[in-house]
Amino acid sequence: MSLGVNASNQDAVNALTVAKFGGTSVADYQAMLRCATIIKNDLANKVVVVSASAGVTNYLVRLSQENVGAQEREQIITAISQIQFNIRRELPEEAGLDLQIQTLLSELEVLAAQQANEYKAQTADAILSYGEQFSSLLFSRVLQSLDIAASCFDVRRVMKTNSLYGKAVVDLAELKRNCQELLLPELAKQVIVTQGFIGSDSLGHTTTLGRGGSDYSAALLTEALDGDNLAIWTDVVGIFTTDPRITDQARAIKEISFGEAAEMATFGAKILHPATLIPAMRQNIPVFVGSSKEPEKGGTLIKQQVESNPTYRSIALRKEQTLVTVKSPAMLHASGFLAKVFSILAKHELSVDLITTSEISVALTFDNPTGTTQALLTSTVVAELEQLCEVSVEHGLSLVAVIGNGLHAAKGLGSNIFDKINDFNIRMICHGASDNNLCFLVPESDANTVVEQLHNTLF
């Protein structure tokens, strides 16, 4: 298997790895140079998917909003320009590259002015795409400077989506056809550098797959190209037993199953976008996660079958949770009550995360309910739910998820976990639906301490 580690040249020539580099990995010239060296050292790396350089997406998010004044727009575009030209200055002189960067900046300036005058979701997606357009253009030139045959490919030619701007859905069949026809023939001649996170609809308008969708884009391209491996290069040495910022006892995991990794991504681990593993699981494509800063240290390999299946693999933490409890004596021995509750939530496009029930009440969680979602939960939705039942809404909670194997059948599970944190208030426990996780809510102020104490006990 060729994943940035030693492999025979012939194996590498025959294999196809899609390598994805995140924002910190392409933050500046030196970071890009490290990534280019990773590509050069493994001939299997034939497709490179890049995020926007660190910081650029935040600037673009601001530009994509309405009522941004002319002075602020100018300041933001100047800041974005400096990031690009700081990289550009390290590369060989090329008038054509300067012109391409300047053209993109001019286009961005026009779009930002249009958005400030009249907000459109379509324009917002177009603005957000420029970070990846800049970084892919520059990274292809960094590869060329190392004598690697490489070119920049516009992923919008193959990544066709619907017109749901901000969270577009990819047409998988069309992506497969396009990749086989337009992209695959190019791989015999050169390394292809392309963009994560973006696509285009049937009218040719730019769309985005949602923030964090670069990993997902890379996974979809690996699947569509019948790739052998997907390598996610980030700023940490693989996946850890918990967030290393919470406890210095966290350690990297050598290998992990698809099921465990999916649970971790879903329940708060920031290393992978939750949707990334879906294409990999469909086609049984191994996924490697490593650090572009320290590639020699290896990383975590995610695959279908692993050698060890410990009861406790990791602890994930997801903050900014909302708990909604609906209570009504009418639930007792009544049919259809839950259907009515969920029909109200569905009407407002609210997705329930976790759920527990008793005879007369139901507790539901919603992930990261900020902005408009929180407003809906505290007004419109609650008002409609109150037509059916008593409703309470609690914010300021965090979800702790213990990830492992066979947890639904593990003896002593409850005492192993909850005896160690019995000084803390547990708001909700969800267990039994999956053999890979046990979840519970705690006040956000206690979350880090709970995770640290649990990690010290279980690991």
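Colleague: Which residues have the most contacts inside the largest nonpolar core?

Modeller: This is a predicted model, in which local features need pLDDT of at least 70, side-chain atom pairs count only at pLDDT 80 or more, and totals for chains, interfaces and linings use all residues. Residues are numbered from 1 along each chain as its sequence is written, and side-chain values use heavy atoms, with hydrogens and water left out. A nonpolar core is a set of buried Ala, Val, Leu, Ile, Met, Phe, Trp, Tyr and Cys residues joined through side-chain atoms within 4.5 Å, where buried means under 20% relative accessible area, exposed over 50%, and partly exposed in between (1.4 Å probe, protein chains only). The largest such core has 104 residues, and those with the most contacts inside it are Phe21, Phe139 and Ile302.

Colleague: How many residues does the second, separate core have?

Modeller: In soluble globular proteins, nonpolar side chains tend to be buried together. Here a separate core includes Ile315, Leu317, Val442 and Val450, and its size is 20 residues.

Colleague: Why is strand β2 described as largely enclosed by the rest of the structure?

Modeller: Helices (H or I, at least four residues) and strands (E, at least two) are DSSP runs, numbered from the N terminus. Two strands pair if DSSP finds at least two bridges between them; strand β1 (residues 17–21) and β2 are joined by five bridges and run parallel, with Val48 in β2 as the bridge partner of Ala19. Strand β2 (residues 45–50) is largely enclosed because its buried residues number six of the six.

Colleague: In which sense do strands β11 and β14 pair, parallel or antiparallel?

Modeller: Strand β11 covers residues 312–327 and strand β14 residues 390–404. Over twelve bridges, the sense of the pairing is antiparallel.

Colleague: Which residue in β16 stands opposite Ala401?

Modeller: Strand β14 is also joined to strand β16 (residues 437–443), by seven bridges, and the two run antiparallel. In β16, the residue opposite Ala401 is Cys439.

Colleague: How far apart in space are Thr322 and Val393, C-alpha to C-alpha?

Modeller: Thr322 belongs to strand β11 and counts as buried because its relative accessible area is 0%. In sequence, Thr322 and Val393 are 71 residues apart; in space, C-alpha to C-alpha, the separation is 7.0 Å.

Colleague: Is Gln84 buried or exposed?

Modeller: Gln84 is part of helix α4 (residues 70–88). Not counting residues up to four places away in sequence, Gln84 touches Val56, Ile101, Phe134 and Leu138. Since its relative accessible area is 1%, Gln84 is buried.

Colleague: What is the N to O distance in the salt bridge of Arg62 and Glu72?

Modeller: A salt bridge is a side-chain nitrogen of Lys or Arg within 4 Å of a carboxyl oxygen of Asp or Glu, and the whole structure has 16 of them. Arg62 is partly exposed at 29% relative accessibility, and Glu72 is partly exposed at 28%. Their side chains meet with an N to O distance of 2.8 Å.

Colleague: Which residues are linked with Arg88 in a network of salt bridges?

Modeller: Arg88 is buried, with a relative accessible area of 3%, whereas Glu93 is exposed at 74%. The closest N and O atoms of these two are 3.9 Å apart. The residues linked with Arg88 in the network are Glu93 and Asp98.

Colleague: How many residues apart in sequence are the parts tied together by Lys176 and Asp226?

Modeller: The side chains of Lys176 and Asp226 form a salt bridge at 2.6 Å, N to O. Lys176 lies in helix α8 (residues 172–183) and Asp226 in the loop between α9 (213–224) and β7 (229–234), so the parts that the pair ties together are apart in sequence by 50 residues.

Definitions and conventions:
Contact means heavy atoms within 4.5 Å.
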